[in-house]
Amino acid sequence: MAIQESPTPRHWNYFLALEDDVSRLSRYLELTEANFEAYSLELVRILFAAASEVDVVAKQLCDQIDTANTAHNIDQYRVKLMGYRPEIAKSQVLIPRFGLSLSPWECWGSSQNPIWWRAYNKVKHDRHMHFSMANLKNALNSVAGLFSLLLFHYWQEAHDGSLSPNPMLFRAG
């Protein structure tokens, strides 16, 4: 018996699970700029999960653009994706319930990687020195970065309304 794949793309379901984690977190830590520097083990987990999924989705998006894709790291993804979709750098993600507006890929407009990506790598490789970089601001921006990449990856599904269910917190700006 063949297993039928879910009509909802797996990467989208993963994002929705991360969004649910952020929603649960908001019961204990208000998602507000005043708390952006707060850090915790839960924020490490969210940052790691979102950033590593960004790596996977960015590679797949590069593969969509170019079947002979050789991009295998964030610097190469930036060059490839900005060459094809420069509007990524201007993408905004809103969290209306908390009055937040995030621009997770803004640094790509000046050929740099996002602060949240650099934080992910520093916390991953030198957690004993950079644990505080696993803060609310970087965690939210990593999830927002994943969300916006998914909207580009599933462009057609997003525009025809078949990318569902809708997120509860995150909205495209």
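Predicted model: local features only at pLDDT ≥ 70, side-chain atom pairs only at ≥ 80, totals over all residues.
Let's begin with H2 itself. Helix H2 covers residues 41-65, which makes 25 residues. At the start of H2, Ser40 points a side-chain oxygen to within 3.4 Å of the backbone nitrogen of Glu42.

| Helix pair | Angle between axes | Axis distance |
|---|---|---|
| H1 (residues 10-25) and H2 | roughly 160° | within 11 Å |
| H2 and H6 (residues 136-153) | about 25° | 8 Å |

What do these angles tell us about direction? An angle over 145° counts as roughly antiparallel, and the axes of H1 and H2 cross at roughly 160°. H1 is therefore roughly antiparallel to H2. For H2 and H6, the cut-off is under 35°, so at about 25° these helices are roughly parallel to each other. H1 passes H2 in a left-handed crossing, and the crossing of H2 and H6 is left-handed too.

Which residues touch? On the H1 side, His11, Tyr14, Leu18, Asp21, Val22 and Leu25 meet residues of H2 that include Arg45, Ala49 and Val56. This contact of H1 with H2 has 10 nonpolar, two polar and four charged residues.

Towards H6, the H2 residues in contact include Leu47, Val54 and Leu61, and among their partners in H6 are Leu146, Leu149 and Phe152. By class, the contact of H2 with H6 holds 16 nonpolar, six polar and one charged residues.

Methods. Residues numbered from 1 in each chain as written. Heavy atoms only, no water. Helix = DSSP H or I, 4+ residues; strand = E, 2+ residues; numbered from the N terminus. Expected span 1.5 Å × (residues − 1). Polar contact = N/O pair within 3.5 Å; in protein donor to acceptor, adjacent residues only side chain to side chain. Axes fitted to C-alpha atoms, helices over the stretch in contact; angles between N-to-C directions. Parallel < 35°, antiparallel > 145°, perpendicular 65-115°, else oblique. Left-handed = near helix turned anticlockwise from the far one by under 90°. Contact = heavy atoms within 4.5 Å. Nonpolar A, V, L, I, M, F, W, Y, C, P; charged D, E, K, R; others polar.
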